[in-house]
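Hello,

Here is the structure I promised to pass on. Please open it alongside this email.

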Amino acid sequence: MPQEVRGVVAKAKGAPVSIETIVIPDPGPGEVVVAIAACGVCHTDLHYREGGINDEFPFLLGHEAAGTVESVGEGVTNVEPGDFVVLNWRAVCGQCRSCRKGKPNLCFNTHNAMQKMTLLDGTELSPALGIGAFCDKTLVAAGQATKVDPAAPAAAAGLLGCGVMAGLGAAMNTGGVGRGDSVAVFGCGGVGDAAIAGAKLAGATTIVAVDLDDRKLEWAKEFGATHTVNSGTSDAVAAIQEATGGFGADVCIDAVGHPAVYRQCFEARDLAGTVVLVGVPRPDMTLELPFIEVFGRGGALKSSWYGDCLPERDFPMLIDLYLQGRLDLDRFVSERIGLDDVEAAFHKMEQGEVLRSVVEIVPGA
Ligand SMILES: NC(=O)c1ccc[n+]([C@@H]2O[C@H](COP(=O)([O-])OP(=O)(O)OC[C@H]3O[C@@H](n4cnc5c(N)ncnc54)[C@H](O)[C@@H]3O)[C@@H](O)[C@H]2O)c1
Ligand SMILES: [Zn+2]
Ligand SMILES: [Zn+2]
């Protein structure tokens with residue numbers, strides 16, 4: 001029987017979001033219904049509402065979530081009802097040319113549920129990043145649900161579903177940060193701070209945090225930054241060189257997604273170092289670099305989708321590190337809110353007041 005639940009919907013470009021009754025079909029083959037326990041508010045949700053991703057309104061927002069599997073469709077073997085799961089937006093196909101080359105983290109054909117969730121009048125919803133989790137329950141492809149240790153609280157675990165995983169993975173997977181490395185992270189929001197935490201976890205000994213906002217720099221220290229630079233008032237490249245014996249950092253991470261920031265990363269990098277772009281540029285942006293330097297400095301210029309994560313490999317491992325006290329996911333949770341508060345959370349995000357607002361769902365509320 002299809003179920004009617006509450007969900008946060010963006011109906012039109014720029015219009016405030018509203019809580020609507022949404023209809024969740026029973027899971028079909030390869031699908032699961034997950035009862036959401038917590039879902040973080042990510043910039044991408046706001047981008048959807050602003051029409052910045054596409055114009056397939058209405059959107060069911062939310063995609064950084066954890067919850068409990070309620071029911072599974074035919075052929076589902078990776079999870080069963082009652083499992084505590086973190087949702088992901090890159091369920092690998094196992095069959096595309098990247099998967100066949102043994103690189104499922106780069107899968108070119110990730111999938112979502114086949115059936116649509118709808119409004120009461122039958123209007124089909126576009127779920128944000130193929131998830132849609134600011135709601136009591138959601139329908140996803142089974143591969144989008146990754147089982148993790150239920151000892152982790154949902155508000156912390158759900159963060160791995162997007163920005164925090166992207167940042168951790170930008171340092172640990174894409175950047176390949178290792179013991180003794182120096183790392184510079186530009187942009188200390190949730191993604192950048194996660195990159196700092198990931199660099200620390202991977203053994204980096206010098207971690208320079210760069211932001212325009214001194215408050216963000218204070219928070220960055222709590223995640224492991226050894227040095228901080230306000231690039232609005234001082235020269236970030238010079239400061240990074242100074243912190244690294246005059247050379248530059250082994251790995252520079254752009255967690256803003258702006259050409260000027262990317263250029264700073266490029267210049268603040270040591271010879272043979274790595275630049276990682278994890279911030280998402282606007283479609284109209286272009287990049288200019290001195291081409292001889294691209295050659296002369298060697299190393300690698302890389303982009304990081306979702307932190308190059310493989311949810312089945314990384315989510316359970318990161319939750320274990322969290323439970324062992326080695327990865328402080330709770331520190332990203334700035335406030336806990338209800339479904340009614342998503343619009344207000346967007347405003348706080350725009351003002352830079354929060355790292356993550358997390359919606360907690362109280363069953364039956
Ligand atoms: N690659 C992925 O898979 C992935 C996943 C999630 C989010 N993202 C992207 O990562 C980026 C960061 O996300 P977030 O949630 O941390 O955002 P955020 O807005 O919370 O943080 C951005 C930070 O950058 C700082 N900043 C802005 N301009 C700057 C500049 N010129 N120099 C230095 N600092 C600057 C801001 O003060 C802020 O602290 C966004 O572009 C987001 O879309 C990427
Ligand atoms: Zn694939
Ligand atoms: Zn996101």
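Predicted model: local features only at pLDDT ≥ 70, side-chain atom pairs only at ≥ 80, totals over all residues.

**Ligand 1**

The shell around ligand 1 has 30 residues. Ala 166, Gly 187, Gly 189, Val 191 and Gly 279 come nearest. H5 gives the most, with 3 residues.

What classes of residue make up the shell around ligand 1? There are 14 nonpolar, 13 polar and 3 charged residues. Domain 1 (3-161 + 328-360) and domain 2 (167-304) each supply at least three residues to the shell.

**The sheet**

Next, look at the open sheet of 6 strands. Its order is E13-E12-E11-E14-E15-E16, and the pairing is parallel. Strand E13 (227-230) and strand E16 (300-303) stand at the edges. Each has a single partner strand, so one side of each is left without a neighbour in the sheet. On average, neighbouring strands here are turned by 15 degrees against each other, direction ignored.

One pair to check is strand E14 (residues 249-254) with strand E15 (residues 269-277). They pair in the parallel sense over 5 bridges. Within this pair, Cys 252 stands opposite Val 275 in E15.

Helix H8 (residues 259-267) packs on the sheet. H8 touches strand E11 (182-186), E14 and E15. The direction of H8 makes about 150 degrees with that of E15.

Best regards

Methods. Residues numbered from 1 in each chain as written. Chains lettered and ligands numbered in written order. Near = placed C-beta within 6 Å. Helix = DSSP H or I, 4+ residues; strand = E, 2+ residues; numbered from the N terminus. Nonpolar A, V, L, I, M, F, W, Y, C, P; charged D, E, K, R; others polar. Domains from an automatic or database assignment. Pairing = 2+ DSSP bridges. Axes fitted to C-alpha atoms, helices over the stretch in contact; angles between N-to-C directions. Contact = placed C-beta atoms within 7 Å.
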